[in-house]
Amino acid sequence: MGAAGAAAAIAAIFGNPLVAAVLLVEVAGVGGPQLFAVMLPALLSTGIGSLVFTGLGRWTGLSTGDLTLHLSVPVPRLDAADVLWSVLIAVALALALHPVLNGARAIAGYVAARPLVRTVLCALGAAACACLYALITGRSPAEVASSGQATLATLASDPHAWGVGALIAVLVFKGAGYALCLGSLRGGPVFPALCLGGVAGVLLAPLPGLGIVPAMAAGMGATAAGALRLPVSSVVLVVLLLGSAAMMPVVILSAVVAFVVTEMLPAGRAVH
């Protein structure tokens with residue numbers, strides 16, 4: 001019953017039953033008869049939940065938004081440079097994301113001692129990150145303060161409108177706000193990580209032989225797998241976001257490499 005309810009909720013949040021089903025299979029970590037006992041009710045609930053949420057026939061439900069990014073550039077064919085860079089990007093982003101996640105664990109331990117006061121302080125810190133970003137770049141503070149889904153969509157629709165300084169500022173301030181919210185306000189880990197990976201991909205796209213779409217695919221695959229520790233779910237989610245299976249080899253490589261690197265790195269400790 002718990003798995004069925006969770007699957008329906010996840011399907012509503014992501015607007016896609018497939019993501020919920022794959023995510024639940026990987027999180028449950030069961031096999032054999034247990035897998036069928038858990039997954040059959042969960043699959044059924046994702047389908048029924050999606051119909052109830054989005055509507056059926058003439059009955060209109062609620063809008064879930066469009067999970068697919070509308071890329072302004074065509075999806076290219078992969079070449080050797082894309083594959084090589086995807087591995088290197090995955091290693092770099094896994095190493096860069098590791099202190100952010102360890103910082104979130106340390107903040108969680110710090111907040112646990114005095115939850116009310118220290119949660120407010122962390123919320124003020126996250127707000128300060130958004131304000132500083134807006135003051136420095138002249139862009140909207142929502143690009144740092146929001147979950148990242150809208151920012152990622154804007155980035156994909158017009159990546160050339162972002163300067164190098166703005167991209168670096170997003171990584172710095174959103175990374176800091178991500179750690180604060182994840183450790184205190186219990187913010188969601190998915191779309192902020194995807195946003196950071198997409199921004200890093202656009203920033204690294206000018207590398208020789210690389211392009212915007214493969215770089216974004218590698219970046220999002222690496223940060224999603226590094227943050228969630230769910231490589232299969234990360235691959236499915238990123239491929240659905242891209243709206244094309246052409247980048248699937250790059251996404252798989254980056255997700256697997258980032259997951260392995262993250263697992264090899266030492267876990268941080270909570271600070272009280």
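Mentor: A helix here is a DSSP run of H or I that holds at least four residues, and helices are numbered from the N terminus. With that in hand, and bearing in mind that this is a predicted model, we can turn to the patch itself, which is formed on the surface by Y110, L116, V117, V120, L121 and L124 and which has about 570 Å² of accessible area together. Helix α5, covering residues 115-137, gives the most to this nonpolar patch, with five residues. One of the patch members, V120, lies in helix α5, and V120 counts as partly exposed because its relative accessible area is 44%.

The UniProt record, an unreviewed entry, annotates several stretches as "transmembrane region", among them residues 116-136, 193-215 and 235-261. Over residues 193-215 the chain is 70% helix and 0% strand, with the end C-alpha atoms 15 Å apart, while over residues 235-261 the chain is 81% helix and 0% strand, with the end C-alpha atoms 16 Å apart.

S234 is classed as buried because its relative accessible area is 1%, and buried means under 20%. The side chain of S234 reaches the backbone oxygen of L230 at 2.7 Å, and, once neighbours within four places in sequence are left aside, S234 is in contact with A224, A225 and L228.

Conventions
Residues are numbered from 1 along each chain as its sequence is written. This is a predicted model: local features need pLDDT of at least 70, side-chain atom pairs count only at pLDDT 80 or more; totals for chains, interfaces and linings use all residues. Side-chain values use heavy atoms; hydrogens and water are left out. Patches are made of residues with over 30% relative accessible area and no salt bridge: like charges are joined within 9 Å, nonpolar side chains (Val, Leu, Ile, Met, Phe, Trp, Tyr) within 5 Å. Accessible areas come from the Shrake-Rupley method with a 1.4 Å probe; for residues, only the protein chains shown count as cover. A salt bridge is a side-chain nitrogen of Lys or Arg within 4 Å of a carboxyl oxygen of Asp or Glu. Helices (H or I, at least four residues) and strands (E, at least two) are DSSP runs, numbered from the N terminus. Buried means under 20% relative accessible area, exposed over 50%, partly exposed in between (1.4 Å probe, protein chains only). UniProt positions are given in the numbering used here, feature names are shortened, and annotations may be inferred rather than shown by experiment. A polar contact is a pair of N or O atoms within 3.5 Å; within protein, one must be able to donate a hydrogen and the other to accept it, and residues adjacent in sequence count only if both atoms are side-chain atoms. Contact means heavy atoms within 4.5 Å.
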